[in-house]
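Here is a short report for a reader meeting this structure for the first time. Take a look at the sequence and the model before reading on.

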Amino acid sequence: MPSLKDLKNRIASVKSTQKITAAMKMVAASKLRRAQEQAEATRPYAERISHMLETVAPYYYDVDTGPRLVIGTGSDAVQLLIVITSDRGLCGGFNSSIVRESRRRIQQLQADGKTVKLICVGRKGRDQLKRDYGKLIVHSYEDLGKPRLSFADAETITERVLAMYEGGEYDVCSVVYNRFKSVISQIVTIQQLVPVPAPPPKASLENPDEGPTYEFEPDEETLLTKLVPRNLSFQIYRALLESAASEQGARMSAMDNATRNASDMINKLTLNYNRTRQAVITKELIEIISGAEAL
Amino acid sequence: MRQGIMSNKVEFELVSPERLLVSQPVDMVVVPGTEGYFGVLYDHIPVMATLRSGVIDIYEGNRVADRIFIDGGFCEVSHTTCTVLVETAIKLVDIDPAKAQQEYENLKEDLEDAKTEIERTAIGERLEIARTKVESVTGQPVKL
C-alpha cells in the first residue's frame, strides 16, 4: 500500500497536470474561434470564384482547347497525395485518423498498380508516414502558417504542385485533410484537385433567358487558364484552414477529456488518501490501547 | 433602367481569398483590364475579364474617392454590380514609395541571378508587378 506521502505527491502532480490541460483547452478554444472566423471570411471569395468557374464551365469539356489542368493527362498512373496534418500533437485522434486514411488510400492505389507520391504538410503526418512510405515523400512542409495562415502559404504549395504537373511528375492530385464539422467531429476528406473536377452545369445554360450572358475579355480560354490555377490555390487554402480549425477543435475536446479524467483521478486518490489516513490513525490507537492493557 | 434613376450606382466589391475588402455602392469604378483600363458605370454590359496589376480608381461623382493597388486578378461585371477578385490589394496612400522602389531593385537583381527558365518567368512576373507598383505610387514611368 502506498504511503501517505506518496499519495500526497501523486495528488499534487495530477492537480498540476490538470491545470495544464485546462489551460491548453482554453488556448485551443480561443484559437479555434480565430480559425473559424478565418474560414468564414473565405466564403465571399468562394461564392464568386465558383460562380465565375460555372459561367465558363462549357469550356471544361472541350478536349482540344481546355487547359491541361482541366482535361488531365489522359492517364492516372501516378497519383500525388497532399496529406495535411498538424505540427503539434496532443490533439486526440486528429493526426492518426488522417494517417490511417492516407495509408489505406496508398495501399489501395498501390494494389491497383499505381505509383504514389506524397507531399506532407505538418510535422506529425510526415513523422508517422516516414517509417513505411519514406521513399514516396517528395516534399514536406513544416511550420506553415505561423503565426497566422495566409493565402501566400497556400500559394507556395500550389506553385510546387503546378511545377510538378508541368514537369509531368504526376497525373492526378488529391488532398487528404480533416474537414471541420464541429468541435467534437472532424471528417477525414479526400478531395481531388487535379485534373479539376467538373462543376455542376449551370442552370442558366439550359435557359439562356435566366442570368446575363457575359462577354469575355480577352477570351474564355485565357480567362479559364488563369482562373483554374487560382482556384487550385484557393482550394488548398481552404483545406489548410479547415484542417487548422479541426486541429484546434480536436485539441479542445482532447484536453477537455484529459481535464475530466484528471478530476476523476484526483477524486479517487483523495478517497484513497483519506482511507489510508484513517487506517493509520486507527492503527496508532490500537497500538496505544493494547499497550495500556498490557500494563 | 432596371431600378429607376434613383439608384444608378454600381455595387462595387473587392474580394481577396482572405476576406471581403470593400463592398460599397459607387458612381464609377475604373479597373486595370489585361487589355487596358476600363470604367464601369451603372448598366454596363456583363463582362468577365482578367486584370493585370495596376490601380483601381473608385469615383464618387466626378471625384476619385479611393485608389487601390492590386496585383492582378479577375473582374465580373453585371448590370448593377462589379466584383473584383484579387490576391492582394493595398490602398495607394499606404504604399511606401521607397520600399516599393527597393522591392523593384531587389527583384531586378534576383532576375539576373536566376538560373532556370521557370525561375526567370516566376521572378519576371513579380518584377512586372513591382514595376507597376512603383509607377502607380510615383506616377512616373519606370525605365526597364
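## Two domains in chain B

In this predicted model, domain 1 and domain 2 of chain B bury about 490 Å² between them. Carbon and sulfur atoms account for 71% of that area. On the domain 1 side, Ser53(B), Phe69(B) and Leu92(B) lose the most area to domain 2 of chain B. Together these residues make up 70% of what that side buries. Domain 1 of chain B covers residues 10-93, and domain 2 covers 96-138. Their C-alpha centres lie 24 Å apart.

How many residues of each domain are in contact with the other? Domain 1 of chain B brings 5 residues, and domain 2 of chain B brings 6. The count of salt bridges between the two domains of chain B is 0. For polar contacts, the count is 1 residue pair, with both residues at pLDDT 80 or more. β5 and β6 (63-77) of chain B each supply at least two residues of the domain 1 side that touches domain 2. By class, that side of domain 1 of chain B has 3 nonpolar residues, 1 polar and 1 charged.

## How chain B is built

Chain B has 8 strands and 2 helices. Along the sequence, the order is β-β-β-β-β-β-β-β-α-α. The C-alpha atoms of chain B fill a box of roughly 60 × 30 × 25 Å along the principal axes.

One pair of strands can be picked out. β3 (residues 28-33) and β4 (residues 36-40) of chain B pair in the antiparallel sense. This pairing runs over 5 bridges. A hairpin joins β3(B) to β4(B), passing through 2 residues. Within this pair, Val29(B) stands opposite Val40(B) in β4(B).

The size of an interface is often given as the accessible area lost when the parts come together. Chain A and chain B bury about 2,400 Å² between them. Of this area, 65% is on carbon and sulfur atoms. Which residues of chain A lose the most area to chain B? They are Tyr45(A), Arg48(A) and Glu217(A), together 28% of what the chain A side buries. In terms of contacts, 25 residues of chain A meet 25 residues of chain B.

There are 2 salt bridges between chain A and chain B. One of them joins Arg48(A) to Glu13(B). The closest N and O atoms of Arg48(A) and Glu13(B) are 2.9 Å apart.

## Elements at the chain interface

Four elements of chain A, α2 (43-55), α6 (151-166), β6 (215-217) and α8 (220-294), each supply at least two residues of the side that touches chain B. Which of the elements gives the most? α2(A) does, with 7 residues. By class, the side of chain A that touches chain B has 14 nonpolar, 5 polar and 6 charged residues.

Strands also pair across the two chains. β6(A) pairs with β5(B), residues 47-60, in the parallel sense. The pairing of β6(A) and β5(B) runs over 3 bridges. Here Glu215(A) stands opposite Val47(B) in β5(B).

Conventions
Residues numbered from 1 in each chain as written. Chains lettered and ligands numbered in written order. Predicted model: local features only at pLDDT ≥ 70, side-chain atom pairs only at ≥ 80, totals over all residues. Heavy atoms only, no water. Contact = heavy atoms within 4.5 Å. Buried area = accessible area lost by both parts, 1.4 Å probe. Salt bridge = Lys/Arg side-chain N within 4 Å of Asp/Glu carboxyl O. Nonpolar A, V, L, I, M, F, W, Y, C, P; charged D, E, K, R; others polar. Pairing = 2+ DSSP bridges. Domains from an automatic or database assignment. Polar contact = N/O pair within 3.5 Å; in protein donor to acceptor, adjacent residues only side chain to side chain.
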